[in-house]
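Hi,

Here is the structure I promised to pass on.

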Amino acid sequence: MRTQVAIIGAGPAGLLLGHILQRAGIGFVILEQKSREYVLGRIRAGVLEQGSVDILRDLGLDSDLDARGLTHHGIYLQYEGQRRHLDFVDLVGRTVTVYGQQALVRHLLAEHDRLGSDVRFEVEGVAPHGIDSGAPYVTTADGERIDCDFIVGADGYHGVCRPAIPGVTALERDYPYAWLGILADVAPSTDDLIYALHPEGFAMHSMRSLEVSRLYLQVDPSESIDEWPDDRIWEQLQTRLGVDGWTLHEGTITEKSITPMRSFVASTLEHGRLFLVGDAGHIVPPTGAKGLNSAIADVALLGRSLAARYGGDDSPLTRYSASALARQWKVQQFSQWMTEMLHVHREIADESTRAFRYRSQVGQLEYTTGSRHAQAALAEQYAGLPF
Ligand code: RFL
Ligand code: PHB
């Protein structure tokens, strides 16, 4: 078989790139190792920047987003029993949209089905070859060979494409905490998302719809979900999110899992005919809601660059890695800043040093919520840097 672009991975990055190429009249195939059911079952991210929403609209992929997406005008930051609202519309004239990654993936896939796109699931042993040559190709475990012009690694953090780049390195850091996330059948108890620093740890209240809440708790990375029966989860959410005169409504927990947190940036997003997008090239801790949005930003840039290349202009494609990484490092900084401001640093053994750290985080939150300049800086980054 021959196609123009072979995309490895059917997460949001791979599926969206397929739509961008389809609109540009560029042929593609998407090869995914997991089953369709598995891909549709992953829950993950929930917040789209305005720029991500604009891209989906430009591509005409906004019908489900309009039906389910919830426009949010800001967020709450909470600490020391106070809950302060940051109004993004007032501060920077922008909004964000709460729309589950799961719903986005379902819609992107349904549209590929409607268009008859070549999206293949349960493809084992996908491997990129010849990326240094003008004739790259992909092979699979069952002996298929797909010749192409370009290979795109949209295969996430554990994928095969990044390791195929000779000499690729990465800068990364782990965090001494993880997130326990739940989905619960209960109407959200808040209009905008709440991010809370509490002496017992970070907590967050998000949502998926007017009937389903999504909530998170800081836990130790070594903890197992078995140590967290539903009663204990609600008790900790009540403690960490509670403020006077407000009620957190509880409901049936339908999903719960623990996710470690990491920051990671590959040294390059391209080598010869291979390009990386999304989690294959970089990971952020989820506190800034940037992972999915960074994947969308990469794909928008790469899609445009490939279209220019087929139109005879090589230059955007030669700048892809440098441009995407320049934006990504700003996003890395913001995600790390939000994460460290809002999590309790239990790993600090000395009690006085730990208390100093906590009090300075409270000071940082006082400044961030009290200064209009600081509020605007947070709002500008949370609502999304230009693509
Ligand atoms: P994905 O979604 O990991 O998809 C990669 C796909 O590639 C497949 N694959 C392969 N296919 C073929 N052959 C191989 N050898 C392959 N190896 C892997 C995989 O099966 C998979 O289908 O990467 P992509 O498309 O780059 O998308 C990235 C996003 O999924 C990720 O950044 C976000 O979910 C991160 N994230 C958040 N991002 C936000 O923007 N806003 C948020 O609010 C937000 N919250 C979150 C998050 C991630 C979380 N977890 C669980 C990691 C909250 C959580 C809890
Ligand atoms: C989510 O709704 O899953 C979500 C929202 C905001 C974040 C992370 C996750 O920062």
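Let me start with the strands (DSSP runs of E, at least two residues, numbered from the N terminus, just as helices are DSSP runs of H or I with at least four). In strand E19, Leu274 is the bridge partner of Ile151. E19 covers residues 274–276 and runs parallel to E12, with 3 bridges joining them. Two strands count as paired if DSSP finds at least two bridges between them.

Before I go on: this is a predicted model, where local features need pLDDT of at least 70 and side-chain atom pairs count only at pLDDT 80 or more, while totals for chains, interfaces and linings use all residues. Residues are numbered from 1 along each chain as its sequence is written, chains are lettered from A and ligands numbered from 1 in the order written, and side-chain values use heavy atoms, without hydrogens and water.

Back to E12 (residues 150–153): Phe150 and Val152 sit on one side, Ile151 and Gly153 on the other, and all are buried. Buried here is under 20% relative accessible area, with exposed over 50% and partly exposed in between (1.4 Å probe, protein chains only). E12 also pairs with E1 in the parallel sense over 4 bridges, and Val5 has Phe150 as its bridge partner there.

Which way do the side chains of E2 point? From E2 (residues 28–31), Phe28 and Ile30 go one way and Val29 and Leu31 the other, all of them buried.

Now a helix. H8 (residues 291–310) has 20 residues, so at 1.5 Å a residue it should span 28 Å, and its end C-alpha atoms are 29 Å apart, which agrees. (The expected span is 1.5 Å times one less than the number of residues.) After H8 comes Gly312, with a positive phi near 105 degrees.

Last, the second largest pocket, with a volume of about 240 Å³. Of its 13 lining residues, Arg68, Gly100, Ala103, Arg208 and Ser209 are the closest to its centre. A pocket is an open set of points on a 1 Å grid over the protein atoms alone, where a 1.4 Å probe fits, with protein on both sides within 12 Å along at least five of seven lines; lining residues have an atom within 4 Å of a point. The volume is the space filled by probe spheres set on the points. H6 gives the most to this lining, with 3 residues.

Cheers
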